[in-house]
Amino acid sequence: MSDNSAVKDPFIRVVKRGDMKSGPKICIRIGSVVVSLIVCGILINVITGLNPVAVYVTMFKGAFGSTRRSFATIREMMMLACVAIGLAPAFKMKFWNIGAEGQILIGGIVSAGCMINLNMLPTFPLLIIMFATSAAAGALWALLPAVFKAKWNTNETLFTLMMNYVAIQLTSFFVSKWENPKGSNTVGIINSNTQAGWFPEIFGQKYTLNIILVVTLAILMWVYLKYTKHGYEIAVVGDSENTARYAGISVSKVIIRTMLLSGAVCGIAGFLAVSGASHTISTSTAGGRGFTAIIVAWLAKFNSFYMLLIALLLAFLGSGATEIASKCKLNDYASDMIIGIILFFILASEFFINYRLVFRKHAKEEA
Amino acid sequence: MATSLIQLLLGAVAFGTVIMFGCIGEIITEKAGNLNLGVPGIMYLGGIASLASVFIYEGSTDAPNKILCVIIALLSAFIASALGGLVYAFLTITLKANQNVTGLTLTIFGSGVANFFGGSLNTLAGRFEQIAVPVTSSAFKAVTPLSKAGTVGKVLFSYGFMVYLAVITAVITHYFLNHTRRGLNLRTIGENPAAADAAGINVTKNKYLAICIGAGISGFGGVYYVMDYIKGTWANDGSIETLGWLAVALVIFTTWKSINAIWGAYLFGILYWMYLYIPGLTRSSQEIFKMLPYVVTIIVLIVTSLRNSKDKQPPAALGLPYFREER
């Protein structure tokens with residue numbers, strides 16, 4: 001309060017930029033990732049004593065060292081990208097759906113339920129039924145907070161968050177119902193003999209269908225957000241609800257419709273996790289991806305193709321850190337730590353894209 | 001029946017204390033207009049910082065001093081959590097990053113750091129048994145002789161000192177926010193930062209302070225969990241994360257009044273442990289019963305939004321960045 005009396009230029013001033021060209025934008029983003037990787041390398045060096053270059057070589061081997069590992073990394077990337085694709089329309093609308101975790105689990109429960117109870121059906125119809133029901137279940141799970149947000153402006157962040165825990169308890173409930181063998185409190189691999197409801201191998205690879213499904217979803221979502229009337233309405237509601245109302249857009253209708261879509265795609269992610277990867281269901285089926293995917297979607301500015309790229313980076317870091325952890329007999333939560341640091345840097349780099357700093361001297365020259 | 005009721009109350013108070021700290025810290029943060037979804041991460045940071053520092057201290061001397069143990073644990077936890085808050089504050093205030101995304105990142109980072117060190121502290125120290133800090137934990141769990149004074153004494157006095165610290169913190173926070181000039185300034189910033197700025201209140205400085213101190217208080221929830229609740233060990237089971245999110249939910253439940261956090265937190269504790277005391281539940285129906293605290297929070301959310309009364313609303317500028325040149 002004391003120094004406000006004298007008018008003086010601050011030493012550094014923050015000024016909003018206009019649109020930055022995509023060249024420098026990409027440079028800043030890549031630069032932030034590189035800097036954060038260096039910081040993480042130094043950190044790992046301090047903790048484990050490994051040479052930072054060797055660290056990344058080990059990580060690369062862990063993620064892409066063999067065909068099997070590469071496909072495991074790609075499977076993880078597709079899973080994460082699928083959730084991010086689901087969240088993108090909701091977040092573009094500024095609807096803070098942090099309930100993806102629950103929507104994934106509900107999709108997963110329904111998929112597992114179909115695998116257990118409809119295992120007499122042939123693979124193809126069974127997969128279609130699982131796809132449709134898990135999408136419907138995810139959509140319904142997202143519908144509840146959406147309706148309350150649309151009608152009574154109930155805080156959606158906490159509503160969707162609490163729905164996660166309800167879904168987790170529901171998962172525990174079904175796990176103890178379906179447990180196999182009795183008393184193990186796990187469901188075990190479902191249909192391990194018949195492989196009913198498992199994704200079939202295509203071109204000799206187990207995860208081809210995962211890739212096809214997620215890439216298709218990515219393209220569809222990109223078109224939906226960029227070239228359709230619905231996508232435009234989502235963008236307007238996200239920018240300003242008042243503008244949307246003025247333009248005659250029914251905001252509550254857009255909110256409910258978009259959340260149905262968002263929940264459906266997250267439900268499909270649960271289907272992917274159960275039928276296309278683990279072939280079982282547990283409370284860790286979603287495994288925090290619902291939260292990580294929010295950051296993926298946000299940083300990609302809801303562009304499907306950037307989402308795939310960021311998901312690849314995070315999947316690489318995840319399997320790479322697991323490799324380092326197992327080599328040094330440390331636990332693999334290191335990957336969360338590294339991912340956190342990298343995301344901090346990327347978040348910080350956004351500042352330099354949106355704003356620029358003006359120093360006092362410059363200001364005088366300009367004047 | 002009476003003994004199981006007492007058991008339920010004891011469990012509820014212990015459980016409630018963890019989330020009460022988290023909730024009070026978040027109330028201070030939110031009153032300054034910042035929604036920090038990093039509470040679980042901050043509680044993780046507080047828990048692991050206290051555990052690691054005391055682990056090193058207890059390992060370095062033959063006769064660890066109990067009072068020193070407690071001071072080291074609390075101080076290191078406060079510093080680590082406030083640093084977590086500082087990262088969040090720097091990104092959201094100075095660099096104007098999105099608050100929700102930054103908070104979630106802090107949660108991922110905090111749980112990564114904590115579970116990484118919690119799980120590998122022994123390997124790093126070259127020992128192989130389960131990590132334990134018995135001396136510090138006994139200091140945290142120490143009770144006064146009053147706890148033996150019958151049922152009343154047991155229900156009121158059989159807890160470690162942090163249970164009472166939480167209640168005192170809630171009262172002080174209430175007094176600070178509602179009866180001091182600084183508290184008023186802080187609330188103004190949360191309601192309308194532009195007006196506060198025009199009135200000569202330093203928005204940036206106050207937001208930084210509120211977030212860092214709030215984070216430090218939230219971190220104590222982690223300390224209590226690690227030192228008292230699970231008796232000075234570490235478990236990589238994600239409980240702190242669950243508790244952290246419940247603390248965020250409790251903020252809504254208390255309608256941003258820290259005094260309500262006292263009974264609200266214990267109520268959450270009762271709801272959480274209720275399933276153990278309802279006869280005739282099978283294991284699977286227990287799981288359904290464990291939904292209670294979350295379902296109740298959802299109902300409270302819906303009811304407060306339906307009633308829409310003026311004194312039960314979040315700070316008006318909650319979650320919005322403040323940029324002087326953009327008005």
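Two residues are in contact if their C-beta atoms, placed from the backbone, lie within 7 Å. Welcome to this predicted model, in which local features need pLDDT of at least 70, side-chain atom pairs count only at pLDDT 80 or more, and totals for chains, interfaces and linings use all residues. Residues are numbered from 1 along each chain as its sequence is written, while chains are lettered from A and ligands numbered from 1 in the order in which they are written.

**Chain A as a whole**

- Chain A has 14 helices and 2 strands, where helices (H or I, at least four residues) and strands (E, at least two) are DSSP runs numbered from the N terminus.
- Along the principal axes, the C-alpha atoms of chain A fill a box of roughly 80 × 60 × 40 Å.
- Of the contacts in chain A between residues at least 6 apart in sequence, 76% link residues at least 24 apart.

- Beyond its neighbours within four places in sequence, A297(A) is in contact with A84(A), L87(A), A88(A), F91(A), F302(A) and M307(A).

**Where chain B meets chain A**

- Chain A and chain B each bring 42 residues to the contact.
- On the chain B side, α4(B) gives the most, with 15 residues.
- That side of chain B divides into 22 nonpolar, 14 polar and 6 charged residues; Ala, Val, Leu, Ile, Met, Phe, Trp, Tyr, Cys and Pro count as nonpolar, Asp, Glu, Lys and Arg as charged, and the others, Gly among them, as polar.

**Residues with positive phi**

- H279(A) is not a glycine, yet its phi is positive, about 55 degrees.
- H279(A) sits in the loop between α10 (251–278) and α11 (289–299) of chain A, and it is buried, with 21 other C-beta atoms within 10 Å.
- W256(B), also a residue other than glycine, has a positive phi near 60 degrees.
- The loop between α11 and α12 (258–273) of chain B holds W256(B), which counts as buried with 21 C-beta neighbours inside 10 Å.

How values were computed:
A residue is buried if 20 or more other C-beta atoms lie within 10 Å of its own, exposed if 12 or fewer, and partly exposed in between; C-beta atoms are placed from the backbone.
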